Amino acid sequence: MTPFDPKYPELRRRRFRPIPVRMLVPNVITLLAICAGLTAIRLSTEGRMELAVAAIVFAAILDGIDGRVARLIKGQSKFGAELDSLADFVNFGVAPGLILYFWQLHELNNGGWIAAMVFAISGGLRLARFNASIDDPNKPAFAANYFTGVPAPMGAITVLLPIYLGFLGVPMPPATLTAFYTLLVAFLMVSRLPVFSGKRVGKRIAPEMVLPVFVAVVFFVALLIGYPWHILSAGSVAYLISLPWGWKSYRDQERKLAAETQAASTPAPAAAATYTPAAAPTDQDDRPAHLH
């Protein structure tokens, strides 16, 4: 405890400075997401897989909300950023791995546990790399539109695809295939694959598109509630198929930037010097002509 110095009373008052409520709101949303992830683990141990998967989806929705709410009300803080990373590790690394293990991977004994553990560790490594590269000064401007590797929330939603298909009545795949798919998604999370981030999509909406956007959002939410496993299955497959397009787009912009940089650094060719001969002197007499 810092001793109170009567010469500097402001030092003691600074420790108990009131915190604005707007700084707490995003953190409360993040804590709710952690509660959803921990509840998903408990539900999976009890065999209630549908509710466990629903809790992970709810945590992913809260994860997409807390950052936007923080930017909207100017409630960003370093504490909130660290808390969000810890929440993502629990919700989208540990919880999905355990759900898959209790659902089917336990049939492989140690092999299934290794697959679940590798997925959880990959989620933690991916989040650590993301935090370390936020302030990278060498990143080009267009790189802000891309993630490096599949983000943790999408990795968690995608890796649960075998469970979605099982809820739809599709025969359960072999445990070995599920373990291979789990390792594949884990590899995509820690890879250097450029993936669309979507951060700059929807920041500005034309006035005439406001009502159609409202209707589209309500329609999507209604579909997600009415047909959750169909929507999640189709969305997971579509996301995996779209990954090559993100890589291609990133490479195209990278080549364009390299070409522009090379063109700017190449000196322009010097203009050919032209020789202009001096005008020949003219023998002109400025005296007036003789008058006749």
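**Figure 1. Helices and strands of the protein chain.** The chain holds 10 helices and 2 strands. The model is predicted. From the N terminus on, the elements run α-α-α-α-α-β-α-α-α-β-α-α. The chain has 292 residues, and 33% of them count as buried.

**Figure 2. Packing of helix H5 against helix H8.** Two packed helices are described by the angle between their axes and the distance between the axes. For H5 and H8, the angle is about 10° and the axes lie 8 Å apart. Angles under 35 degrees count as roughly parallel, so H5 is roughly parallel to H8. On the H5 side, the contact is made by Ala115, Val118, Phe119, Ser122, Gly123, Leu125, Arg126 and Arg129. Facing them in H8 are Ala179, Thr182, Leu183, Val185, Ala186, Met189 and Val190. By class, the residues of this contact divide into 10 nonpolar, 3 polar and 2 charged. Arg126 and Arg129 of H5 are among the residues that meet H8.

Figure 3. The structure holds 1 cavity of 30 Å³ or more. About 30 Å³ of space lies in the largest cavity. Its lining is formed by Val150, Met154, Thr158, Val185, Leu188, Tyr239, Leu240 and Leu243. Helices H6 (152-159), H8 (175-190) and H10 (228-265) each give two or more residues to this lining. H10 supplies the largest share, 3 residues. The lining residues divide into 7 nonpolar, 1 polar and no charged. Val185 lines the cavity and also takes part in the contact of H8 with H5.

**Figure 4. Met154 and Val185 at the cavity.** Met154 is found in helix H6. Both Met154 and Val185 belong to the cavity lining. The two residues are 31 apart along the chain, and their C-alpha atoms are separated by 9.8 Å.

Figure 5. Ser44 sits in helix H2, residues 21-45. Its relative accessible area is 2%. The cut-off for buried is under 20%, so Ser44 is buried. Which residues does Ser44 touch, not counting those up to four places away in sequence? They are Met49, Ala52, Ile99 and Phe102.

**Figure 6. Asn109 in the loop between H4 and H5.** Asn109 is found in the loop between helix H4 (78-103) and helix H5 (110-132). Most residues other than glycine have a negative phi. Asn109 has a positive one, near 60°. With a relative accessible area of 54%, Asn109 is exposed, since exposed means over 50%.

**Figure 7. Pro228 and Tyr164.** Pro228 is found in helix H10. H10 spans residues 228-265. Pro228 and Tyr164 are 64 residues apart in sequence. In space, they are 8.7 Å apart, C-alpha to C-alpha. Pro228 counts as partly exposed, because its relative accessibility is 24% and the class runs between 20% and 50%.

Methods: Residues numbered from 1 in each chain as written. Predicted model: local features only at pLDDT ≥ 70, side-chain atom pairs only at ≥ 80, totals over all residues. Heavy atoms only, no water. 1 Å grid on protein atoms, 1.4 Å probe; cavity = no way out; pocket = protein on both sides within 12 Å on 5 of 7 lines; lining within 4 Å. Points joined across faces, edges and corners; volume = space filled by probe spheres on them. Helix = DSSP H or I, 4+ residues; strand = E, 2+ residues; numbered from the N terminus. Nonpolar A, V, L, I, M, F, W, Y, C, P; charged D, E, K, R; others polar. Buried < 20%, exposed > 50% of the residue type's maximum accessible area, 1.4 Å probe, protein only. Contact = heavy atoms within 4.5 Å. Axes fitted to C-alpha atoms, helices over the stretch in contact; angles between N-to-C directions. Parallel < 35°, antiparallel > 145°, perpendicular 65-115°, else oblique.
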